[in-house]
Amino acid sequence: MTALTALAAETPSLVQSVDWTAIAPVVITAVVGLAVLVADLFTAERHKPVLGWISVAGLAAATAALIPLRAGDRSTFCLTADPEACSYVADHFTVVVQFLVLAGALLTALLSVTAVRDTRMPAGEYWFLLLSSAAGAALLPASRDLATLIVALEVASLPAFALVGMRRGDRLSSEAALKFFLSSVTATAVSLMGVSFVYAATGSMHLTQVADRLEDVPGQLDTLAMAGVALTLVGFAFKTAAVPFHFWVPDTYVGAPLPIAGYLSVVGKAVGFTGLILVTVIAFPAYSQIWGPALAVLAALTMTLGNAAALRQSPDRPHSAVRLLAWSSVGQAGYLLVPIAAAAYSERDQIGSTLAYALMYAAVNLGAFAVAALVARTKPLHRISDYRGLYAERPLAALSLAFFLLCLAGLPPGIIGLFAKVTVFRSAVDAGLGWLAVLMAVNVVIALYYYLRWTAVLFRAPEGAEGAPARTKAPWPVAAAIVATAVTAVVLSGAPQLVLRVASGSLFAQ
């Protein structure tokens with residue numbers, strides 16, 4: 001008995017305490033999702049809209065649960081032998097990304113309340129899938145080991161496939177879901193192979209330990225480690241819609257319900273960039289000579305191809321408005337990649353520029369999709385020409401969309417868009433990537449054309465009786481989403497330091 005007692009005293013405890021406050025945003029979102037799925041079984045059809053409001057309330061509560069975490073000093077699920085190696089860390093980086101994800105999901109839920117009712121999509125399944133995807137997206141920025149990172153990525157992605165194909169009987173929706181699913185699964189398989197190579201070379205899954213061990217990889221494992229690093233990046237590059245992994249974007253956005261297209265453009269993109277940041281600047285700094293130039297080239301290709309394709313959208317083509325937003329999101333992804341590539345040449349705090357830009361982009365892009373959802377109620381073809389005379393029909397919606405487009409273009413009065421672009425531009429210059437900064441400036445000028453062209457359409461006179469204003473009342477959830485995003489964009493343009501402070505200082509726990 002004495003020997004057993006002594007052995008127990010020497011063996012590290014495998015029982016870990018759980019910091020429930022740290023994981024509260026993720027847990028609340030997941031629990032509400034399960035509650036909605038169960039409640040759907042016992043809810044009469046006429047009461048199904050209540051499930052949407054429960055989901056909205058759950059996402060609001062999850063967002064509010066970030067308030068106690070604002071100090072950015074919590075972690076949990078740590079190794080008993082190495083307390084610095086944790087699987088869940090709620091640092092400033094985590095809190096900022098979780099706010100972006102949960103607030104974006106909340107706005108998506110507001111837009112979806114009306115869409116689910118009008119298109120007769122199955123309410124219980126829709127809300128469960130949306131909340132499940134949001135829970136995975138909120139878990140990902142806190143993940144600090146490769147296993148949790150991949151699981152979070154798939155929890156965020158798998159429900160999104162079903163959400164894209166939620167419109168039963170719609171050929172475009174089914175085709176978009178299938179294309180999204182097949183391409184994403186392929187990218188995930190490649191990433192899993194990369195993770196297995198990294199684990200074989202380092203013997204650890206925790207990002208901090210992987211970083212330390214990659215500094216001194218045995219010569220015979222160096223090629224394996226480099227291959228693992230390259231393959232791991234592929235899956236996250238797919239989620240960011242970086243060229244050449246972007247081909248799923250236009251058709252997926254067109255086939256998806258409009259709120260889900262907005263969700264993918266913001267939250268889906270945040271998932272990819274978050275994972276990319278974690279594996280590059282935390283896990284793989286020893287191989288920055290590989291991923292740095294690769295990401296710089298990806299950024300150049302992505303912004304150039306995205307803006308060129310957006311430029312070619314014909315105003316009279318069906319779904320041209322959604323396609324322009326889709327290609328615009330590809331171009332914006334190129335800008336978001338610039339500070340991550342710059343981190344390979346200077347310091348990892350450069351990625352604060354990516355987060356600052358992502359916060360601006362999330363507010364204005366979701367706002368643009370909110371206005372598109374409003375216009376689509378009377379003009380379901382989603383053509384840019386359908387927005388002609390919008391100012392005469394809905395002045396506030398037209399002014400809001402114009403402001404969102406100017407923010408995306410980086411033109412006054414969209415000051416926050418201009419400042420965010422300057423921050424990204426400066427990160428490239430500081431890292432010595434002058435060629436990338438010049439290319440970004442050229443692409444910003446190219447993007448001005450299609451943003452300003454759409455803006456001008458809003459204020460043109462309607463064409464004859466066909467373009468006469470249709471006086472229909474906007475559903476208040478959609479109106480609330482437009483107002484929330486418009487107010488946020490205006491406030492940020494008046495006080496850009498609220499977002500730009502993210503670009504300075506350290507975001508990761510030291």
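Analyst: Here is a walk through the cavities and their linings. This is a predicted model, where local features need pLDDT of at least 70, side-chain atom pairs count only at pLDDT 80 or more, and totals for chains, interfaces and linings use all residues. Residues are numbered from 1 along each chain as its sequence is written, and side-chain values use heavy atoms, with hydrogens and water left out.

A cavity here is a set of points, on a 1 Å grid over the protein atoms alone, where a 1.4 Å probe fits but cannot get out; lining residues have an atom within 4 Å of a point. Grid points are joined across faces, edges and corners, and a volume is the space filled by probe spheres set on the points. There are three cavities of 30 Å³ or more.

Let's begin with the largest cavity, which holds about 150 Å³ of space. Its lining has 17 residues, and L100, K269, A270, F273 and A358 lie nearest the centre. Helices are DSSP runs (H or I, at least four residues), numbered from the N terminus. Helix 4 (92–119), helix 11 (258–283) and helix 14 (352–375) each supply at least two lining residues, and helix 11 gives the most, with seven.

Next comes the second largest cavity, with a volume of about 120 Å³. It is lined by 14 residues, of which S157, F180, K239, L264 and G268 lie nearest its centre. Helix 5 (123–139), helix 6 (146–164) and helix 11 each bring at least two residues to this lining; the largest share, six residues, comes from helix 11.

Notes. On a 1 Å grid over the protein atoms alone, a cavity is a set of points where a 1.4 Å probe fits but cannot get out, and a pocket is an open set with protein on both sides within 12 Å along at least five of seven lines; lining residues have an atom within 4 Å of a point.
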